[in-house]
Amino acid sequence: MTARRRIPPALIVGAVLTGMVVLAALVSFIWTPYPVEMIDIGRKLAPPSLAHPFGTDHFGRDVLSMIMVGARNSLAVALVAVGIGLGVGAPLGLTAAAQGGWVDEAVMRGNDLIFAFPALILAVMITAVFGPGAINAIIAIGVFNIPVFARVARGAALGLWTREYILAARTAGRSKLAISTQHILPNLLSLLIVQAAIQFALGIVAEAGLSYVGLGAQPPAPSWGRMLAEAQTMIGFAPWLAVIPGMAIVVVVLGLSLVGDGLRDLLDPRLRRER
């Protein structure tokens with residue numbers, strides 16, 4: 001009889017924290033306490049109250065509404081960027097492991113070249129040509145994620161190509177493409193899912209950093225990073241403007257990191273055997 005899998009506490013806590021942010025983002029599509037574009041100069045820099053639980057900013061905009069819509073924007077940017085990295089990087093890694101030789105060398109050297117340019121530098125290069133915006137932030141973060149997934153997929157696939165069932169499939173005349181898609185990839189899915197959760201958290205931080213320096217989502221679209229940038233000159237008399245978006249970033253990154261750790265503990269058979 002197989003032992004029942006025990007859900008790691010980190011996965012539960014991470015799912016709750018992440019779920020809170022995702023729920024706020026989904027609710028923002030149909031409702032926010034106030035329109036995010038509504039300016040009320042008469043109530044600017046109002047501290048947290050019943051009318052404005054998170055206070056207002058220097059234009060009188062409701063901070064809670066901006067946090068909710070900002071969550072939607074941050075999650076969307078990070079999700080699409082991770083999708084780009086996973087969708088391009090994993091096939092590249094599988095191809096490099098399957099073909100070997102100059103193909104493997106070319107993929108790995110290309111990965112090294114991309115790693116030489118962090119997401120912020122890539123964003124600067126892209127915005128120098130196309131201008132700042134959320135789409136360019138997605139491209140910059142997505143391109144940076146490609147070598148991450150390529151290395152993970154290649155490293156794990158190389159070990160699987162020496163297994164007996166893979167050798168049997170090759171002896172039976174199966175093509176490398178068929179073996180990669182039908183035998184190698186299913187065994188890598190858990191590893192790729194864990195890595196995607198980790199990169200999702202890093203994507204949130206990268207998006208906030210790009211918005212902080214003005215390279216992410218542009219006004220009037222709310223962004224946690226830009227909220228932090230605007231609050232830095234008012235932190236002495238309106239600290240909630242910096243604390244609240246900062247805590248939002250901490251909550252979602254911590255939640256996604258715990259989800260990644262929990263999924264690794266749950267899906268990694270070696271860790272399960274050690275229990």
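I began with burial: of the 275 residues of the protein chain, 45% count as buried (under 20% relative accessible area, with exposed over 50% and partly exposed in between, using a 1.4 Å probe and protein chains only). I am working on a predicted model, where local features need pLDDT of at least 70, side-chain atom pairs count only at pLDDT 80 or more, and totals for chains, interfaces and linings use all residues. Residues are numbered from 1 along each chain as its sequence is written, and side-chain values use heavy atoms, leaving out hydrogens and water.

**Overall layout**

I looked up the secondary structure and found 10 helices and 0 strands (DSSP runs numbered from the N terminus: H or I of at least four residues for helices, E of at least two for strands). The C-alpha trace spans about 75 × 55 × 30 Å along its principal axes. For contacts (heavy atoms within 4.5 Å) with a separation of 6 or more, I noted that 69% join residues 24 or more positions apart. The accessible surface comes to about 14,000 Å², and 70% of that belongs to carbon and sulfur atoms (Shrake-Rupley method with a 1.4 Å probe; for residues, only the protein chains shown count as cover).

**Cavities**

Next I searched for cavities (sets of points on a 1 Å grid over the protein atoms alone where a 1.4 Å probe fits but cannot get out; lining residues have an atom within 4 Å of a point). There are 2 of 30 Å³ or more, with grid points joined across faces, edges and corners and the volume taken as the space filled by probe spheres set on the points.

The largest cavity has a volume of about 70 Å³. Its lining includes Asp-57, His-58, Met-227, Glu-230 and Pro-245. Two or more lining residues come from each of α2 (63–99), α8 (224–231) and α9 (240–267), and α8 gives the largest share, 3 residues. By class I get 7 nonpolar, 1 polar and 2 charged residues (nonpolar: Ala, Val, Leu, Ile, Met, Phe, Trp, Tyr, Cys and Pro; charged: Asp, Glu, Lys and Arg; polar: the others, Gly among them).

The second largest cavity has a volume of about 40 Å³. I found it lined by Val-36, Glu-37, Arg-61, Met-66, Pro-220, Pro-222 and Arg-226, which gives 4 nonpolar, no polar and 3 charged residues. Met-66 is also in the lining of the largest cavity.

**Val-213**

Last, I checked Val-213, which sits in the loop between α7 (176–212) and α8. Val-213 counts as partly exposed because its relative accessible area is 47%. Its C-alpha atom is separated by 20 Å from that of Arg-72, 141 residues apart along the chain.

Notes. On a 1 Å grid over the protein atoms alone, a cavity is a set of points where a 1.4 Å probe fits but cannot get out, and a pocket is an open set with protein on both sides within 12 Å along at least five of seven lines; lining residues have an atom within 4 Å of a point.
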